[in-house]
Amino acid sequence: MFELPPQVQVLPATPQLKGLMTIIRSRDTPRADFIFYADRIIRLLVEEGLNHLPVVDKTVSTPTAVPYKGIDFEGRICGVSIMRAGESMEQGLRECCRSVRIGKILIQRDEETHQPKLFYAKLPKDIESRYVLLLDPMLATGGSAMQAVKVLLDNNVREDRIIFLNLMAAPEGIETFVKQYPKVKIVVGEIDEGLDENKYIVPGVGDFGCRYFGTD
């Protein structure tokens, strides 16, 4: 029985979320609908991810001249997408965080060894001073995600300042990832049954990047 690690936050299984997941998981869903409903889930993930950022008290003056005791985010953020599927989540982040900086990491999996290889990384110059929302819709074996976190750590990002957002995750990937990086927070839409013999998530959604961007 898979026991959810404390650093993993799963979105509440509301009827809305279940309906959205049903649409994007169906192989009969047209690409336009896949994009539209995937974007809605991504927005929910980003909103939940922002809930895990530290805040400080802040009081503002309202138009009625009555002060309002609220909060403000303690630090600056940025997004880092794991190309190419992670790029599908960039717009959702921009819609929630105006003028947010976004970096990119390209990691590809060797189809024979299933091991990740780093090909490219371009990150904000001041990323070490920011909280990072790491973007990738699928967490399968965890290899690509762990490679991406290593890149962030090598660029002086603190492990406890990384929040990893994904739509679907396999228990195997979660267990491997949190064992390697226990201080990283994971926010996921749904946790699937597991991995098949080809290390793909089941029931999954197929190749998310291909379905979103319309490429094979």
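This is a predicted model: local features need pLDDT of at least 70, side-chain atom pairs count only at pLDDT 80 or more; totals for chains, interfaces and linings use all residues.

Biologist: What follows α4?

Modeller: The general idea is that most residues other than glycine have a negative phi. Here α4 is followed by N156, whose phi is positive, near 70°. N156 belongs to the loop between α4 and β9.

Biologist: Is N156 buried or exposed?

Modeller: The relative accessible area of N156 is 58%, so this residue is exposed. A65 also has a positive phi, near 70°. A65 sits in the loop between β2 and β3, and its relative accessibility of 64% means that it counts as exposed.

Biologist: Which peptide bonds are cis?

Modeller: In general, most peptide bonds are trans. In this model a cis peptide bond joins M83 and R84, with omega about 0°. R84 lies in the loop between β4 and α3. Another cis peptide bond joins V202 and P203, and P203 is in the loop between β12 and α6.

Biologist: Why is strand β4 described as largely enclosed?

Modeller: Six of the seven residues of β4 are buried, so the rest of the structure largely encloses this strand. As for its pairing, β4 runs parallel to strand β7, and five bridges join the two. Within this pair, V80 stands opposite L134 of β7.

Biologist: How should I read a nonpolar core?

Modeller: In soluble globular proteins, nonpolar side chains tend to be buried together. The largest nonpolar core here has 36 residues, of which I24, I41, I77, L167 and F208 touch the most other members. At least two residues of this core come from each of α1, α2, β7, β9 and α6. The greatest contribution is that of α2, with eight residues. Apart from this core lies another, of 28 residues, including I82, L123, A145 and A148.

Biologist: Which residues does F208 touch?

Modeller: Leaving aside residues up to four places away in sequence, F208 touches F34, A38, A85, S88, P137, M138 and L167.

Biologist: How far apart in space are T59 and L123?

Modeller: Their C-alpha atoms are 34 Å apart, and the two residues are 64 residues apart in sequence. T59 is part of strand β2. Residues up to four places away in sequence aside, T59 touches P67, Y68, K69 and G70.

Terms used:
Residues are numbered from 1 along each chain as its sequence is written. Side-chain values use heavy atoms; hydrogens and water are left out. Buried means under 20% relative accessible area, exposed over 50%, partly exposed in between (1.4 Å probe, protein chains only). Helices (H or I, at least four residues) and strands (E, at least two) are DSSP runs, numbered from the N terminus. Two strands pair if DSSP finds at least two bridges between them. A nonpolar core is a set of buried Ala, Val, Leu, Ile, Met, Phe, Trp, Tyr and Cys residues joined through side-chain atoms within 4.5 Å. Contact means heavy atoms within 4.5 Å.
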